[in-house]
Number of protein chains: 2
Amino acid sequence: MRPLRRAAIVAVGSELLTPSRIDTNSLLITEQLNLLGIDVVLKSVVGDDPEEVGAVLNAALARVDVVICSGGLGPTDDDVTRDVVARVLDRPLAEDERISKQIEARFAGRGLHMPDINRRQAMVPAGARILENVKGTAPGLWLEEGDRVVVLLPGPPRELKAMLADLMEGALKARAPGRSLVRRVLRITGRTESHTEETIRPLYGEWARAPVPIAATILASLGQIELHLSAGAVSRAETEAALDAASLQVIERLGVDVYSRDGRSMEEALGEMLVERSLRIAVAESCTGGLITSRLTDVPGSSRYVDRGVVAYTNDAKTELLGVARTLIEEHGAVSEPVAVAMAEGVRARATTDVGIGVTGIAGPGGGTPEKPVGTVAVAAVIPGLTRSRLFRFVGDREHVKAQASQAALDMVRRMLLASSQ
Amino acid sequence: MRPLRRAAIVAVGSELLTPSRIDTNSLLITEQLNLLGIDVVLKSVVGDDPEEVGAVLNAALARVDVVICSGGLGPTDDDVTRDVVARVLDRPLAEDERISKQIEARFAGRGLHMPDINRRQAMVPAGARILENVKGTAPGLWLEEGDRVVVLLPGPPRELKAMLADLMEGALKARAPGRSLVRRVLRITGRTESHTEETIRPLYGEWARAPVPIAATILASLGQIELHLSAGAVSRAETEAALDAASLQVIERLGVDVYSRDGRSMEEALGEMLVERSLRIAVAESCTGGLITSRLTDVPGSSRYVDRGVVAYTNDAKTELLGVARTLIEEHGAVSEPVAVAMAEGVRARATTDVGIGVTGIAGPGGGTPEKPVGTVAVAAVIPGLTRSRLFRFVGDREHVKAQASQAALDMVRRMLLASSQ
């Protein structure tokens with residue numbers, strides 16, 4: 001039998017086509033398939049409509065080695081997956097007495113009589129292997145059609161999870177290509193997506209032709225760029241080594257702009273640096289409204305290095321809580337580098353910490369002026385022996401400005417700590 | 001032209017086929033299409049592989065009236081959607097000078113030179129209508145093939161959202177079937193999902209049989225329950241009226257536990273109440289680490305009522321910044337109702353605001369004790385003439401505890417304001 005290399009995941013259920021529900025089973029299925037070296041090339045969601053399910057199944061079967069379906073195995077009229085698969089693969093359905101008895105026993109165990117409709121769950125297409133459901137009534141099914149495989153799993157996550165775990169040790173493992181796919185996420189700040197791409201692109205060809213080929217994808221999100229590397233080799237250690245080497249090549253080219261090579265967040269990366277250096281931090285925020293402190297304290301154990309945060313939304317609060325001179329605000333405006341520096345110095349002095357952050361800006365939508373439009377944010381940081389500040393112009397709505405400003409502030413401290421330890 | 005009744009949504013991007021990313025753009029697209037009476041019958045996710053994208057597009061075009069694609073319009077090599085659609089619909093691509101100039105201007109506005117690769121974003125298939133991107137560089141495209149339509153939208157949610165809003169008023173609206181599916185989200189706090197379900201369930205049958213039938217779904221998330229109502233009628237006004245009446249029935253049964261009948265967030269609901277009553281607020285946080293203040297300041301215009309926030313992570317900070325007596329902390333422990341009340345009173349007195357919030361707790365994973373395990377959070381609020389406090393035991397990891405505690409604190413103030421104005 002050919003190994004299963006390419007997979008499609010099909011989620012069946014009309015509720016998954018509404019604006020408030022999303023198919024998350026496919027994330028678990030993808031994780032497990034990747035561990036066996038099986039790539040997921042397509043995911044689809046389709047409603048409880050036999051014709052649509054049939055069309056999606058046929059389209060998927062034309063392109064992949066294995067189709068994993070979840071959902072639509074229940075006892076009611078709108079559970080159509082079993083019937084559709086039987087039709088698409090042209091297999092007659094027959095009741096499996098052993099399954100009916102198991103379902104009856106399950107109901108009896110709860111003091112209930114099995115409703116007649118549950119008999120549908122015991123209908124099995126000819127030639128199917130039955131996958132036992134230890135967590136519910138609907139059994140799963142494994143069907144082979146030549147070299148290809150169709151797997152039907154129940155929709156409820158706990159039932160699906162248990163059944164998938166069995167497959168990972170059994171039928172799926174037996175057909176796996178035996179090459180394990182590993183992913184690595186590098187996070188980058190301080191450059192645009194296109195500039196990152198231009199710098200990295202020369203590596204793509206080399207990676208693609210390497211003994212352990214590496215695929216790369218660049219993603220832009222607020223205040224950062226992500227570079228996703230993935231590779232698959234027979235040995236997991238070999239794959240990890242190839243990804244380590246590729247990560248180093250990226251770091252050689254992008255330098256300290258790479259703040260994370262294992263997917264960790266900016267606040268985790270900075271937190272680790274503070275712990276390593278035994279430094280404590282205090283934050284003075286205006287337009288970010290507490291977001292910087294909230295991000296810092298999202299990290300378990302952050303109480304070791306976060307002393308306090310002050311959200312000084314008004315000028316009075318800046319003066320009272322942080323000791324920012326009124327004359328400084330009058331002279332430069334509340335949104336200015338000198339005021340940001342005074343905020344950082346003020347909170348640092350009052351908290352007697354090593355590091356202080358000060359951020360003041362206009363998050364919008366109101367409050368902008370021609371000289372200082374919405375998105376103007378002054379960021380300052382003080383560490384022992386070093387003070388920096390910068391005026392940013394961020395683009396986007398209120399939440400985006402807050403997100404970018406918080407990222408810039410944490411990144412400023414990170415870079416200062418790196419510079420001062422060299 | 002035939003109206004567009006059936007839609008498929010295709011998300012393009014290899015990262016969306018990994019175990020850690022999910023396509024959420026399709027939720028927004030579904031919501032908007034439904035508002036125009038267009039059903040979504042299929043959703044697919046496909047990687048940055050021209051052949052796979054082509055296969056998915058062809059399969060979708062065979063079954064629906066309109067295909068909405070998101071993603072793959074960026075400037076890099078792995079952005080393939082534009083090229084694939086041109087090939088599938090057999091349209092030559094040519095550079096649109098106006099778009100190149102706009103992208104150049106966008107870079108120039110940030111003091112940058114446009115990298116050459118961005119020129120790809122100006123390539124347009126023959127006969128395509130260009131959808132302007134006010135939030136980014138990649139323009140969207142609208143292509144007609146007989147009665148059918150293919151729409152290409154950029155992947156970043158804020159760019160997609162703005163472009164979709166334009167289509168809803170323009171090209172899509174013009175081709176809508178004219179029966180509008182309206183959804184209403186009620187948000188509920190202070191009860192479990194099953195209690196909400198038990199109380200609401202008697203209404204389901206009545207709603208299903210009404211002249212404008214209403215479908216209901218209950219969804220639980222952190223610190224709140226959502227009740228989604230949806231109905232479709234020829235007249236939008238008739239649908240809205242039916243949903244208004246159903247919402248009132250729910251509010252009659254659940255009372256002030258319903259804090260939002262139009263999907264607005266807790267911080268928006270509370271912000272509006274503060275504005276109506278001309279009250280100002282200050283926040284003292286420990287375990288929530290700034291999250292409460294950050295949520296309050298996520299609301300545009302919140303500078304009218306938010307004075308300050310203090311994140312007092314250490315006992316010293318609680319004493320210095322908020323005037324919490326050391327003896328009170330020694331007597332009751334930092335995580336206690338008396339300390340939470342002292343924090344709320346302290347920040348309110350120092351900020352001279354009307355409302356004060358105090359929150360202190362153990363977010364975990366460390367710091368728990370047998371008497372005060374992880375998840376123990378004391379929440380207090382002070383409004384003119386009224387003080388309340390409560391000790392919560394939340395379940396979940398650090399971020400979940402922070403989220404639930406921030407929700408409980410904002411909700412406490414909301415309920416106190418309601419009680420005091422009666």
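**Figure 1. Radius of gyration and extent of chain A.** Chain A has a radius of gyration of 28 Å, whereas a compact globule of 422 residues would have one near 22 Å. The radius is taken over C-alpha atoms, and the globule rule is 2.2 Å times the number of residues to the power 0.38. The C-alpha trace of chain A spans about 85 × 55 × 40 Å along its principal axes. This is a predicted model, in which local features need pLDDT of at least 70 and side-chain atom pairs count only at pLDDT 80 or more, while totals for chains, interfaces and linings use all residues. Residues are numbered from 1 along each chain as its sequence is written, and chains are lettered from A and ligands numbered from 1 in the order in which they are written.

**Figure 2. Helices and strands of chain A.** Chain A holds 14 helices and 17 strands. These are DSSP runs numbered from the N terminus (helices: H or I, at least four residues; strands: E, at least two).

**Figure 3. Crossing of helices α2 and α3 in chain A.** The axes of α2 (residues 50-61) and α3 (residues 81-88) of chain A come within 9 Å and cross at roughly 55 degrees. Therefore α2(A) is oblique to α3(A) (angles under 35 degrees count as roughly parallel, over 145 as roughly antiparallel, 65 to 115 as roughly perpendicular and the rest as oblique).

**Figure 4. Residues where α2(A) meets α3(A).** From α2(A), P50(A), V53(A), G54(A), L57(A) and N58(A) meet T81(A), D83(A), V84(A), V85(A), R87(A) and V88(A) of α3(A). Residues are in contact if their C-beta atoms, placed from the backbone, lie within 7 Å.

Conventions: Axes fitted to C-alpha atoms, helices over the stretch in contact; angles between N-to-C directions. Contact = placed C-beta atoms within 7 Å.
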